[in-house]
Amino acid sequence: MWTYILRRLLYSIPVYLGIVLLLMACLRVNDPVAGFLGKGASEEAYQAKKESMGLDRPFVVQYFDFLRQLVTFEFIKVPDEEVTASEDGGAAVLRSRGIESWSQEGRTVGQILRESIIPSISITVPALCFTLLISIVIALLSAYYRGRLPDKLMMVSAVLGMSISFLVYIIFGQYWAAYLLNQKLELEFFAVQGYEPGAANWAHYCLLPVLISTIVAMGYDTRFYRAVMVEESGRDYIITARAKGSTKRKIMFVHMLKNAMIPIITRVMSTLPFLVMGSILLEMYFNIPGMGRALLDSIFSNDFPVTQMLVAVFAGIFLVSVILTDVFYALVDPRVRLS
Amino acid sequence: MSADGKLLELQGLRTYFYSEEGEARAVDGVDYTLMKGETLGVVGESGCGKSVTALSVIGLIPSPPGKVVGGKVWFKGRNLLELSEKEMQEIRGNEISMIFQEPMTALNPVYTIGNQIIETVRLHQGLGKEEARQRAIEMLDLVHIPNPEARIDEYPHQLSGGMRQRVMIAMAMSCDPDLLIADEPTTALDVTVQAQILELIGDLQSRTDMSVLLITHDLGVIAETANHVAVMYAGKVVEYATAVDLFAKPRHPYTIGLFRSLPDFAAPGERLQAIPGIVPSAFRFPSGCRFRTRCPLASEQCAREEPPLVPVEDSGEGHTLACHFPEEALGL
């Protein structure tokens, strides 16, 4: 198992190198410095900016320097970490302080990452857990009552739920659950928008987006999981289990669920990278300073170092989650041998 | 157990399936009897209702779309069709077990074979974990799986088809059932393995006095193992006899046709004779005798009245036949 994980990690290195190469090339097609400074900038300012990022160096040098920043985790450094590395000043000091943002003066990529990851995760992770739990239970019930009234009701509401636009939920959620509730009942339970750190504030700011995200995802997931369950319930081993006198409940939860976990895991794992990245829509509408917004903001403000680093980090997370998917497979399905 | 030695008696069993096309009368009035300790072979073409009959006995007809709509299934003095689901769960795997055609898919791929046998034992015999494991090892040994202590922790995909069928048999036998329903147990296996599996079932049967309901389309398998034979066609039993009588003197034109289509029973140099036509759809059976559309003896009477299953006068005891022309069939 461990050798398998190690080997997969080694295999993904060339893939990652390729991704980084592509990313850096793409971001340099249009001169990022010119884009940031605009047409009116002086030649001196242009050159200074270029040198400060090391963009005047050959591409190969930049490539390896960028890789170094990734490998040494320089990208998560924040400026208040004291500089101890070198005395000769200049670039060395600058670099060991982390990678500075262009548009947000004095802030580093590390700071932006650290500050935006918590709000993102505090919405995406609970939303995933709720969605997973609720939709698996509904799917099981639905498969159990297949073709009968409870199944039909659940499936109709699932289709209904997923047919309504995300934006409708956001707008009505904000209006009814947050605004009207506050007005009529003088209850300050849901915030219309905004974010404050801390567990005590979580329900106030994050619960509404989490619920919306859950409701939206549930329709799709329930239908998918139900299809998986229905398919499993038609398998031969289910008849065998019934023929040996297993109870219906035991067949569902012992025999069927473990088999159904295989496709379910694939689906959940494929959403993992987006947990970190956050939901851009929700973060925009609820004004939550998460990762998705950080990336979007950096793109709109031509903040080249932030964009480049965030994309590279996401790509890394994506690769790791692909490996994790395979590892989970092996844990659930004995037919998959990781050797 | 009824005094006359009958373990299982089917009376007019009817199982229909309902779909948008209408009503499919998959099993439409089946009668047969299985004596204690004996083997009853049920033969017939695909789709004649032999498997559906067996699933009706054990109460595993998928519902919807299927439904047992009539008849009685007497097992040890009780009508199984009147029992609740809970009572049936206690009988399944315990007094009646079943093995299936596809050993490759009939075992749950994500649990070890030991786990699956232990589940059966614990369900019905209330054994502790360790005892149940011991019992499972014994059972694997009983079905001649080498090195059962190690094999018990293997997964189905690590075993060959024959081995898996042995595991299925071990599982079915683990609670000493009175009746083993074997639904085409050897169809998916290699010929050499087929013989081993049949031998194993016969061997276990002689040790435990268990009855076997053997469903197959292979008359060779029937010849080797069965005491009685029920020949099914289009959801009905058309002929029922001891294996000896049936093989010596088949009386139904369909049974005769089945034998004619086998190389073992054809005269040397003679061409094999196929039964013309195909099995009629369960949605639209012909009127009267259901075999008449393919029968060389078919007459107007066959289209008018359905022949009842009645004893044959000039044959062994218990030989019953559903044909209007028992004498003429002899000349075929």
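User: Which helices of chain A each supply at least two residues of the nonpolar patch?

Analyst: Keep in mind that this is a predicted model. The patch sits on the surface and has about 1,100 Å² of accessible area together, with I164(A), W176(A) and V192(A) among its members. The helices that each give it at least two residues are α8 (166–185) and α12 (280–285).

User: And which one gives the largest share of the nonpolar patch?

Analyst: Patch members include L167(A), V168(A) and I171(A), and V168(A) is in helix α8 of chain A. The largest share is 7 residues, and the helix behind it is α8(A).

User: Is V168(A) buried, partly exposed or exposed?

Analyst: Buried would need under 20% relative accessible area, and exposed over 50%. V168(A) comes in at 34%, so call it partly exposed.

User: How much of the area buried between domain 1 and domain 2 of chain A comes from carbon and sulfur atoms?

Analyst: Chain A splits into domain 1 (1–102 + 302–332) and domain 2 (121–290). Contact involves 9 residues of domain 1 and 10 residues of domain 2. They bury about 1,000 Å² between them, and the carbon and sulfur part is 85%.

User: Which residues in domain 1 of chain A lose the most area to domain 2?

Analyst: The C-alpha centres of domain 1 and domain 2 of chain A are 35 Å apart. On the domain 1 side, three residues together make up 49% of what that side buries: F314(A), Y329(A) and V332(A).

User: How many salt bridges does the rule find across that interface?

Analyst: A pair counts when a Lys or Arg side-chain nitrogen is within 4 Å of an Asp or Glu carboxyl oxygen. Between domain 1 and domain 2 of chain A, the count is 0.

Terms used: Residues numbered from 1 in each chain as written. Chains lettered and ligands numbered in written order. Predicted model: local features only at pLDDT ≥ 70, side-chain atom pairs only at ≥ 80, totals over all residues. Heavy atoms only, no water. Patch = residues over 30% accessible without salt bridge, like charges linked within 9 Å, V, L, I, M, F, W, Y side chains within 5 Å. Areas by Shrake-Rupley, 256 points an atom, 1.4 Å probe, with all protein chains shown as cover. Helix = DSSP H or I, 4+ residues; strand = E, 2+ residues; numbered from the N terminus. Buried < 20%, exposed > 50% of the residue type's maximum accessible area, 1.4 Å probe, protein only. Domains from an automatic or database assignment. Contact = heavy atoms within 4.5 Å. Buried area = accessible area lost by both parts, 1.4 Å probe.
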